Structures are given as C-alpha cells and as structure tokens.
Amino acid sequence: MKQLMRPKLLILDDLGTERNTSFGKECVFDVVNRRLLTGKPMIVTTNITLSAMKTAPVLDDRRIYDRILEVCIPVQFKGQNFREVNRKANMQKAIEVLGG
C-alpha cells in the first residue's frame, strides 16, 4: 500500500476488471480512499458507464465509485473499439493465408 501512495499521480487502469471478491474490492477501496484522503491525484480508466457508477446496486461498488466521482472528472471517450478492428483485420489475414 505504501508503494501505491508514493507516486504524485496514480493511474488505475481498467477499473472493474479486478477479481470480483470482497478482498479485491476492499483493496481497490483502500487505494482510492487513501489517495482521496491525502489529496493525491489519480486517473481511473474503466468501461463502466457513469450512470452505472452512480446507480451501482452493490454497496462495496458504490463506496468505491462515490469516492472516485468525488475527486475525478469524468471524461467519456467514444469511438470504435480498436480490439474489434484488430480482430477483423486478423480474421481477414487468416482467411487469406488459409486460402478461404
């Protein structure tokens, strides 16, 4: 935990993909809460929509999201999923290689 508090800026990438256990959620909560309490900034990326964060039915999730939304400014990026583009390109290459 001390190592996560050292950086001036912490980036939590892909929030919501961590293990869906009470221990995992408590770890995420601890990191987010300590950053909030010490005033240290963080950037959080996620595929969770803003409306889903605001209406999360599970208390553990709401505790985390409330703190994130208190200190982070939501910025939504819209666009084509690059993984889908890559998948289609790879499928086309496979078809060409296999003579299909």
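Colleague: In this predicted model, what share of the contacts in the chain between residues at least 6 apart in sequence join residues at least 24 apart?

Modeller: The model is a predicted one, and the tally takes in contacts in the chain between residues at least 6 apart in sequence. Within that set, the share that joins residues at least 24 apart comes to 78%.

Colleague: In what order do the elements of the chain run from the N terminus on?

Modeller: The secondary structure comprises five helices and two strands. Read from the N terminus on, these elements follow the order α-β-α-β-α-α-α.

Colleague: Why do the buried residues of H4 line one face of the helix, and within what arc do they fall?

Modeller: Helix H4 covers residues 59–71, and its end C-alpha atoms are 19 Å apart, which agrees with the 18 Å that its 13 residues should span at 1.5 Å a residue. The buried residues in H4 are Asp61, Ile64, Tyr65 and Ile68. Seen down the helix axis, the buried residues line one face because they fall within an arc of 95°.

Colleague: Which residues are exposed on the other side of H4?

Modeller: The buried residues of H4 have a cover that includes strand S1 (10–15), helix H2 (22–38), strand S2 (42–46) and helix H3 (50–54). On the other side of H4, the exposed residues are Leu59 and Glu70.

Colleague: Which element gives the most to the largest nonpolar core?

Modeller: This core has 14 residues, of which Leu12, Val32, Met42, Ile64, Tyr65 and Ile68 touch the most other members. At least two residues of the core come from each of S1, H2 and H4. The element that gives the most, with four residues, is H2.

Colleague: With which residues is Ile68 in contact, leaving aside its neighbours within four places in sequence?

Modeller: Ile68 is one of the buried residues of H4, and is also among the core residues that touch the most other members. Leaving aside neighbours within four places in sequence, the contacts of Ile68 are Leu15, Val32, Val44 and Met53.

Colleague: Which residue caps the N-terminal end of H5?

Modeller: Helix H5 (residues 82–97) reaches 22 Å from its first C-alpha to its last, close to the 22 Å expected for its 16 residues. At its N-terminal end, a side-chain oxygen of the capping residue lies 2.8 Å from the backbone nitrogen of Arg83, and that capping residue is Asn81.

Technical notes. Residues numbered from 1 in each chain as written. Predicted model: local features only at pLDDT ≥ 70, side-chain atom pairs only at ≥ 80, totals over all residues. Heavy atoms only, no water. Expected span 1.5 Å × (residues − 1). Buried < 20%, exposed > 50% of the residue type's maximum accessible area, 1.4 Å probe, protein only. Arc of directions from axis to C-beta. Contact = heavy atoms within 4.5 Å. Polar contact = N/O pair within 3.5 Å; in protein donor to acceptor, adjacent residues only side chain to side chain. Core = buried A, V, L, I, M, F, W, Y, C linked by side-chain atoms within 4.5 Å.
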